[in-house]
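Morning, everyone. Please look at the structure on the screen while I go through it.

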Number of protein chains: 2
Amino acid sequence: MSDSVRIVEVGPRDGLQNEKTPVSVEDRIAFIEALIGAGLHTIEVGAFVSPKAIPQMVGSDQVLRGVIDHVGNEFHVLVPNEKGYEAARASGARVIAVFASASEGFSRANINCSVAESIERFKPVIARAKADGVRVRGYISCVLGCPFDGEVGPQAVVDVARTLGDLGCYEVSLGDTIGVGTPLKARQLLRAVAGSVPMAKLAMHFHDTYGQALANLYAGMEEGCRVIDSAAGGLGGCPYAPGATGNVATEDVVYMLEGMGVATGVDMAKLVAATNEISRLIGRPPASRVASAMNAKGRLG
Amino acid sequence: MSDSVRIVEVGPRDGLQNEKTPVSVEDRIAFIEALIGAGLHTIEVGAFVSPKAIPQMVGSDQVLRGVIDHVGNEFHVLVPNEKGYEAARASGARVIAVFASASEGFSRANINCSVAESIERFKPVIARAKADGVRVRGYISCVLGCPFDGEVGPQAVVDVARTLGDLGCYEVSLGDTIGVGTPLKARQLLRAVAGSVPMAKLAMHFHDTYGQALANLYAGMEEGCRVIDSAAGGLGGCPYAPGATGNVATEDVVYMLEGMGVATGVDMAKLVAATNEISRLIGRPPASRVASAMNAKGRLG
């Protein structure tokens, strides 16, 4: 268990995209720079999506341009289609993320097409990325449950994951979008998917809606998974999931990993400072238990 | 993993004892009855301690008398000394809990004596309980870290656990009082202690200060532990731990167990209702992620 884990910080994109209050380009760049300063290397920084549909991500081109020259870091942007791809490339993107759902109900509600249609849509994006030497990460949402279809069987996830792998994604991130997973199911899912896509290419993207995320991550680590998506301060959520809790908090993940002897290179005090500042900007307290405890400790002196 | 787990609900004692706002005897009885109605069977209901030191537990005799006749349930009360034991017995107690620390620093700060002295103090209590046919549960605090001494090695816990087992405690509950544990350490601790006290006699009592409790419980379950202490709504805390988060929330534990195929018999809606009412009384929102999510869902309709 003590080998290394790669953290993909998704706060500036998956986090902020699902927060009510939009954050300015300038403040998003400052947030990303604070995350870099705290020791995070792989950061999802924006999405080239419709500004009408997702106003929180307006200016992602400027954000990406603002940070892209930080040496030694990797910046991801979400790209739904060729138009988005062109804009991402024009801003210097070297890694993009595409997404599909494991459940038909969520695919319909979220992007108004079937799972198969969504895959057809991003096939040309992946083809162009390949030709341009741009790496592509694949997200699968609703891997442990869907707000519309309920239970999601591992086979549905395996099918989409295999397709993403075959299409050339360097990594497939398994999203428990509404946070309904529990440890054994998370572990069984990883085992099933690893039968089609090597475990080294799988990432865990778990939300903490019901407080299960860390337990699920630990269970997934036992199964051999070594890539974790998380968001500083537990930013984000899902329009179809209840409550204010979104992505598992990077602080809480780091605390667990360090306690398990897995060095993360993250400076917790700096990370909490970054979280506090972005929390101030969006006007809600951090959803990270570690941040809350450290802030309380700070107030006690 | 799918065998049964016993939950010890500690909200009315360990939870409320560490909340700033005292709750009346009448409201505590109503809370306990709501917990029984939600399907919880083993409940820690009070403490026979100094009313000056812990005003939140004043009237524990009336609370115990008020609930003791509920058939099919087991009620625990904390007893620090012979005086407390006599009062507990006079109120009908059939199960008592004694407590010691795994760390000298916490023992000094909390009860102003060494660990060895604290054990000497409750030896006569255990002797009388034995003679009276009263069962005794033993708590060990600071098993994964101490706010004064820092790291606590497994051997210190093993020593206290063995003593409690030898003295006749039917169960030894391992308390991560300040919630600093992480999964591997929790698992290693259980393995170490189970070398001296059978696993079937061990309970996990983990606080969620840093969000680690569910992951730690899952890790402990993998090691074979099948008894979990938790508090409805995540009530409680520790005077020496930062932040508002206390015991792991019963709701979050039940969610994990049910998701793992472990039937708990708990009616989640009723449990959240009990949590909401006690949270209203103490004037703070539930620290349970499940309760928060379910309340948000309820507001959405």
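Which residues of helix 8 of chain A are buried? Before I answer, some ground rules. This is a predicted model, where local features need pLDDT of at least 70, side-chain atom pairs count only at pLDDT 80 or more, and totals for chains, interfaces and linings use all residues. Residues are numbered from 1 along each chain as its sequence is written, chains are lettered from A and ligands numbered from 1 in the order in which they are written, and side-chain values use heavy atoms, with hydrogens and water left out.

Helices (H or I, at least four residues) and strands (E, at least two) are DSSP runs, numbered from the N terminus. Buried means under 20% relative accessible area, exposed over 50%, and partly exposed in between, with a 1.4 Å probe and protein chains only.

Now the answer. Helix 8 of chain A covers residues 183-193, and its buried residues are A:P183, A:L184, A:A186, A:R187, A:L189, A:L190 and A:V193. An α-helix has 3.6 residues a turn, so residues three or four places apart point the same way. The cover over these buried residues includes helix 7, strand 6, strand 7 and helix 9 of chain A, together with helix 9 and helix 10 of chain B.

Next, the barrel. In chain A, eight strands close into a barrel in the order 1-2-3-4-5-6-7-8, with parallel pairing; two strands pair if DSSP finds at least two bridges between them.

Take strand 6 of chain A. Six of its six residues are buried, so strand 6 is largely enclosed by the rest of the structure. On one side are A:E171, A:S173 and A:G175, and on the other A:V172, A:L174 and A:D176.

What are its neighbours? Strand 5 of chain A runs parallel to strand 6 and is joined to it by four bridges, with A:I140 opposite A:L174. Strand 7 of chain A is also parallel to strand 6, joined by five bridges, and there A:G175 stands opposite A:H205. Helix 8 comes back here: strand 6, helix 8 and strand 7 of chain A make a right-handed β-α-β unit. Right-handed means that, with the strands pointing away from the viewer, the path from the first strand over the helix to the second runs clockwise.

Last, the core. A nonpolar core is a set of buried Ala, Val, Leu, Ile, Met, Phe, Trp, Tyr and Cys residues joined through side-chain atoms within 4.5 Å. The largest one has 214 residues, and A:I96, A:I140, B:I96 and B:I140 have the most contacts inside it.

Note on methods: Contact = heavy atoms within 4.5 Å.
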